[in-house]
Structure formats: structure tokens, C-alpha cells
Amino acid sequence: MAALTLLSARALTRHFGGLKAVSNVDFDLQAGKVHALIGPNGAGKTTFVSLLCGRVPVQSGSIVFDGRDITHLAANVRVDLGIAYTFQITSIYAGLSTFDNVALAVQRQHRDTLQTEVMAALTRVGLQDRADQMAGTLAYGHQRLLEIAMGLALSPKLLILDEPTQGLANAEIAHFKTLIRGVTPATTVLLIEHNMDVVMDLADQITVLNFGQILATGTPAQIRANAAVQTAYLGG
Amino acid sequence: MSRALALHLAVIAALFAAQFLVPPYHHTNLARIMVLSVFAMGYNIAFGYTGLLSLGHALFFGAGLYATGLGIEQFGLTTAVALLAGLLAGGIVAAASGVLALRTGGVSFMIVTLMFAQAGYLTILYFGAYTRGDEGFVIARAARAIGPVDFSADTPRYLAALALFSVALLVNFALVRSATGRSMIAMRENEDRSLMLGYNPFRVKLLALVISGLYAGAAGAAYGVLFGYVGASFAGIQYSILPLLYVLMGGAGTVLGPFLGALLMFYLIDISSGYTTAHLAVVGGALLVLVLFAPKGILGAIRERGARWLP
């Protein structure tokens with residue numbers, strides 16, 4: 001039985017001048033799963049998810065999300081439909097308190113229970129004691145967690161995480177894995193990740209991207225056994 | 001009651017008390033400063049909180065001033081209706097110019113707003129038959145009253161300015177602590193992030209600009225009725241720069257900053273012009289000191305050094 005598809009992209013393409021960042025990609029995302037996107041640097045991973053969340057306009061091809069064509073919708077409209085994106089380079093409101101950072105994600109949906117919802121989101125990532133701290137003064141790992149808290153606070157159907165564990169300590173990575181396991185299956189997760197332990201541990205499905213094209217898609221076991229992937233990426 | 005609210009109410013109370021304490025000359029000055037503060041508060045909502053550096057706010061102040069002044073003198077509106085027209089004119093002109101100017105950002109936004117304001121100024125001169133251009137016109141004393149309250153008299157004028165100031169200050173206070181205010185600050189801090197949290201940057205910024213325009217329009221309308229003179233110089237470049245200076249001096253993104261800046265700048269010009277005709281050089285010097293030692297303005301610096309509760 002085929003699983004429910006939350007998002008599917010067809011012939012998705014984005015070139016920057018001569019650079020074929022994303023070229024003719026077909027991609028399906030199963031609802032309720034963790035799907036990892038891996039590939040060497042410059043493979044087009046960030047561009048690809050930017051097309052999905054609307055930060056970069058689609059050149060050609062189409063995207064259907066939750067039964068609706070979103071190919072040409074503005075990024076903020078896609079957020080309202082349930083796509084949340086966390087940035088690769090930490091993008092928080094450095095000059096605002098941790099509380100206000102999360103409140104900005106929460107307030108559009110829950111104006112009356114703002115306080116409770118924000119504290120719940122902060123507690124989820126373990127930052128509840130730092131609600132009043134200026135976000136810019138948080139330790140790097142905590143800023144990454146804040147960014148994830150903001151994504152989760154949107155209660156998205158799809159959470160796109162761009163290298164969330166980059167720069168995190170091992171204990172923080174363990175915490176992150178628990179966190180992500182806890183959000184599925186209510187939330188589908190699309191994860192760009194370089195840390196293979198995290199990928200193999202968390203992902204139900206893996207897609208390997210190389211030179212803007214899909215090299216392989218499969219379960220962690222299938223990907224590990226795939227010869228083409230080994231040559232291109234896992235280092236033979 | 002929070003100490004932030006207490007502080008703002010104390011400022012209003014102090015201004016109420018000041019009318020009994022200061023000599024007549026300063027009495028009029030303070031009324032003027034309060035009205036100009038409302039203009040600067042509006043500017044601060046766009047610039048200090050939302051990060052929109054406009055160089056054309058004289059257009060909105062002028063829209064309020066002329067809608068009220070011409071409304072009374074040319075169209076025979078009652079004073080109350082003319083004041084309302086001034087308020088709305090500020091908001092409408094801000095909305096119209098915002099729809100176009102907000103398609104740009106940064107330096108382009110500055111230039112576009114500057115050009116809009118210049119076009120507004122020239123329009124006033126062009127219709128000199130009605131506006132009397134640079135020379136301006138006086139609002140008849142009889143029209144500067146609502147019922148038995150005559151705004152050309154010192155005490156009613158002061159109280160009217162104080163009433164407008166108080167409402168503007170408290171609305172500003174509530175706004176910046178509301179969800180709407182937070183989304184405006186979010187535009188200033190990180191527009192990219194805000195977009196990815198589902199905010200439509202154009203809509204949030206346009207709303208900020210319209211609120212800003214309503215403030216400027218209300219200030220312009222009140223200025224006309226309280227001081228009785230309507231002239232093109234109020235729509236000139238100088239009146240676009242003044243609120244910026246007030247806000248920079250008092251502290252951009254602080255609720256009391258515009259008032260503090262207007263107060264200090266007004267008296268800085270007033271006192272220095274008693275000694276020299278080059279009083280603008282004194283203003284320039286003061287701004288240099290400010291930029292070097294307190295780039296976030298007086299209240300911004302105080303907030304940074306511990307008073308984080310200052311809204």
C-alpha cells in the first residue's frame with residue numbers, strides 16, 4: 001500500500017546562469033515520515049528546499065502540497081498552508097528576547113494563549129529558563145534550538161530543517177534526535193543533514209542529490225548499499 | 001501597573017503640572033513641542049520600530065495641516081470635522097505613497113519618499129491661488145474653536161495639545177507591546193525570517209506607514225488649529241528631517257524618545273539662536289556628539305545600560 005503523499009514535485013528546475021542548481025527533479029514526500037536529503041556540498045540541497053518553501057522562485061516544474069498546487073505561491077502563504085523552514089545559517093531575531101522570537105511564530109495562530117504556547121514551545125527544546133534572555137546572547141547551540149522551536153511553534157504539517165545539527169555538541173544532537181522523533185508522525189520532517197549518524201538514525205527515507213539531480217532515493221539500508229551513492233558521496 | 005506604564009503616565013502628569021509652573025513663553029513652546037512630538041512619534045513608528053527610513057514625512061504632516069486649513073477656509077468645514085479630515089488625510093496620503101514606495105527598500109525607499117514629499121510641496125505652491133504658497137494663510141480666529149473652547153487662548157491650547165499628546169503616547173505604548181507591534185519590530189530586525197514565519201512584509205510595513213501617517217496627519221491638523229497658521233514651509237524638506245532628528249536624539253524605537261528629542265532639540269535651537277545666527281551648526285554639533293557617543297539616542301543608550309524594560 002502506498003503511503004500518503006504530502007508533497008510532490010515534478011520536473012522541478014532552477015538554474016542560476018550556467019549553474020544547474022536544481023535540474024528536472026521529481027520528488028515525493030510521504031506524510032508523517034522523516035525524509036533526509038543528503039549530498040555533497042553544492043549539490044543543490046538548499047536551493048531545492050528553498051524552491052519548496054518559496055524563498056527562491058521556481059523556474060519550471062510544479063509542486064503540489066497537501067493536494068494543492070503551490071508552485072507560484074508566496075513564501076508567507078506557504079507558511080500558512082503548513083510549510084515551516086529553518087535556516088541553514090541561524091536566522092533569529094538577535095535583538096529580541098527568546099520569548100519574543102517564539103511569540104512571533106505563535107501569535108498569528110494563538111493570540112489568546114500566547115504565553116502558554118510560547119512557554120510550551122520553549123520547554124520542548126529546553127530553553128524555558130532563558131525566555132527573557134536576548135536571543136543574540138544565547139550560545140550557538142541554543143540559537144539552533146531556538147530556531148527549531150520557532151519552526152515547531154508554527155505547528156506545521158511539514159518542517160524543513162536545513163542542517164540543524166551543524167555546530168551542535170554530541171549531547172545536543174542526542175536531544176535533537178529525541179525531539180524530531182517526537183514530532184512525527186503529526187509533522188512530516190524534511191531534513192538536510194551532513195551528519196550520517198543522525199541521518200541513518202532518524203530518516204525513514206533518504207534522497208541523495210548530486211549536481212542538482214537525484215542520484216538515488218530509498219531507505220537507509222538501500223542507500224548504504226547503493227554503489228552509485230558510495231562513489232559519489234560516501235567516499236567509495 | 002508596570003513601571004513602564006507608570007513612567008509614561010508620570011510624564012503626562014508632569015506635563016499637566018508644567019502649565020501652572022512655567023512662564024507664558026515656555027507655555028506656548030511646550031504646546032508646540034507636544035504637537036511636534038506626536039509627529040515624531042508617528043515617524044518613530046515607521047523608522048524606529050519598523051525600520052522604514054522615510055525622508056518624506058513632511059508630506060503626511062502637510063496633508064493633515066492643509067486638509068484642516070483648507071477645509072476650514074475654503075470648504076467651510078466645522079473645526080471638529082476639519083480636524084478629522086486632517087487626521088484621515090495623513091493616513092490616506094501615507095497609504096497611497098506607501099503602496100508605491102514600499103515596492104522599494106533601503107536607499108531607494110529614502111529617495112522615493114523624498115521625491116513624493118517634494119512633489120507634495122510643489123503641488124502646494126502650484127495651487128497658490130488657494131494655498132497662498134510660501135506665504136501661507138491664517139486660520140480665522142473664530143474657526144479655531146470647538147463650541148465654547150477657544151484654542152487660540154493659552155490654557156485651552158495647552159490642554160488640547162496635552163490631550164492629543166497623551167492619546168498618541170498611550171496608543172503608541174499599547175501598539176509596540178501588542179502582537180502587531182511585535183510584527184513591525186520583526187520587520188526591522190529580520191525581514192527574511194518574518195517572511196518565513198508567515199508574515200507578508202509589504203502588508204506589515206504598509207500598516208506601520210499608515211499608522212505613522214495618521215499620527216503625522218493628526219499633528220499637522222492640530223498644529224493648524226492650535227497655532228492658526230498654514231504655510232508651505234511645513235511641507236518642505238526641513239519638516240521631513242526634523243522628526244528624524246528628534247527621534248535620533250531621543251532614541252529610535254523608544255516610546256518616549258520622540259518627545260524627549262523634540263523637547264531637547266527645540267530648546268537647543270531656541271537657546272543657541274539667542275547667541276548666534278548659526279544655530280543649525282549647534283544642532284549639527286549636538287548630533288555629531290550623539291552619533292559618536294550614543295548612536296541609539298538618549299533613551300536607547302539608557303535601555304542598553306540596564307533599563308531593558310523601557311518600551
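**Stop 1**

Select chain A, where 12 residues of domain 1 are in contact with 11 residues of domain 2. The model is predicted.

Now look at the side of domain 1 that touches domain 2, still in chain A. Two elements give two or more residues to this side: β7 (158-162) and α6 (170-183) of chain A. Which of the elements gives the most? Select α6(A): it contributes 4 residues, the most to this side. By class, this side of domain 1 has 9 nonpolar, 2 polar and 1 charged residues.

**Stop 2: the nonpolar core**

Next, select Val102(A), Ala149(A), Ile160(A), Val35(B), Tyr215(B) and Ala219(B). In the largest nonpolar core, which has 167 residues, these touch the most other members. Why does this core lie between domain 1 and domain 2 of chain A? Both domains give residues to it, so the core lies between them. As background, nonpolar side chains in soluble globular proteins tend to be buried together.

Zoom in on Ala219(B). Leaving out residues up to four places away in sequence, Ala219(B) touches Val35(B), Leu36(B), Val38(B), Phe39(B), Gly42(B), Phe61(B) and Gly64(B).

**Stop 3: the sheet in chain A**

Go back to chain A and show its strands. An open sheet is formed by 4 strands in the order β2-β1-β4-β5, with antiparallel pairing. The edges are β2 (19-30) and β5 (68-69) of chain A; each has a single partner strand, so one side of each is left without a neighbour in the sheet.

Walk across the sheet in that order:

- β2(A) to β1(A): 7 bridges join strand β1 (residues 5-16) to β2, and the two run antiparallel. Select Phe16(A) and find Leu19(A) opposite, in β2(A).
- β1(A) to β4(A): 5 bridges join β1 to strand β4 (residues 60-65), again antiparallel. Select Ala9(A); its bridge partner in β4(A) is Ile63(A).
- β4(A) to β5(A): 2 bridges join this antiparallel pair. Select Val64(A); its bridge partner in β5(A) is Asp69(A).

Stay with the last pair. β4(A) and β5(A) form a hairpin with 2 residues between them. In the turn, Asp66(A) has a positive phi of about 55°.

Then select Gly18(A), in the loop between β1 and β2 of chain A. Is Gly18(A) buried or exposed? Gly18(A) counts as exposed, because it has 5 C-beta neighbours inside 10 Å. Draw a distance from Gly18(A) to Pro40(A): the C-alpha atoms are separated by 19 Å, and the residues are 22 apart along the chain.

**Stop 4**

Most residues other than glycine have a negative phi, and most peptide bonds are trans. Here are some exceptions to select.

Start with Asn24(A), in strand β2 of chain A. Asn24(A) is not a glycine, yet its phi is positive, at about 55°. With 14 C-beta neighbours inside 10 Å, Asn24(A) counts as partly exposed.

Move to Thr184(A) and Pro185(A), which are joined by a cis peptide bond with omega about 0°. Pro185(A) sits in the loop between α6 and β8 (188-192) of chain A.

Switch to Arg132(B), where phi is positive and near 60°. Look for Arg132(B) in the loop between α6 (128-131) and β1 (137-138) of chain B. Arg132(B) has 17 C-beta neighbours inside 10 Å and counts as partly exposed.

**Stop 4: where the chains meet**

Show both chains. Their contact takes 15 residues from chain B and 19 residues from chain A. On the chain B side, α8 (179-189) and α9 (191-195) are the elements that give two or more residues. α8(B) gives the most, with 6 residues. The chain B side divides into 7 nonpolar, 4 polar and 4 charged residues.

**Stop 5: a helix in the open**

Finish with helix α13 (residues 279-293) of chain B. Its 15 residues reach 21 Å from first C-alpha to last, close to the 21 Å expected at 1.5 Å a residue. How many of the residues of α13(B) are buried? The number is 0, so α13(B) lies largely in the open.

Notes. Residues are numbered from 1 along each chain as its sequence is written. Chains are lettered from A and ligands numbered from 1 in the order in which they are written. This is a predicted model: local features need pLDDT of at least 70, side-chain atom pairs count only at pLDDT 80 or more; totals for chains, interfaces and linings use all residues. Two residues are in contact if their C-beta atoms, placed from the backbone, lie within 7 Å. Ala, Val, Leu, Ile, Met, Phe, Trp, Tyr, Cys and Pro count as nonpolar, Asp, Glu, Lys and Arg as charged, and the others, Gly among them, as polar. Two strands pair if DSSP finds at least two bridges between them. A nonpolar core is a set of buried Ala, Val, Leu, Ile, Met, Phe, Trp, Tyr and Cys residues joined through C-beta atoms within 7 Å. A residue is buried if 20 or more other C-beta atoms lie within 10 Å of its own, exposed if 12 or fewer, and partly exposed in between; C-beta atoms are placed from the backbone. Domain bounds come from an automatic or database domain assignment. The expected span of a helix is 1.5 Å times one less than its number of residues.
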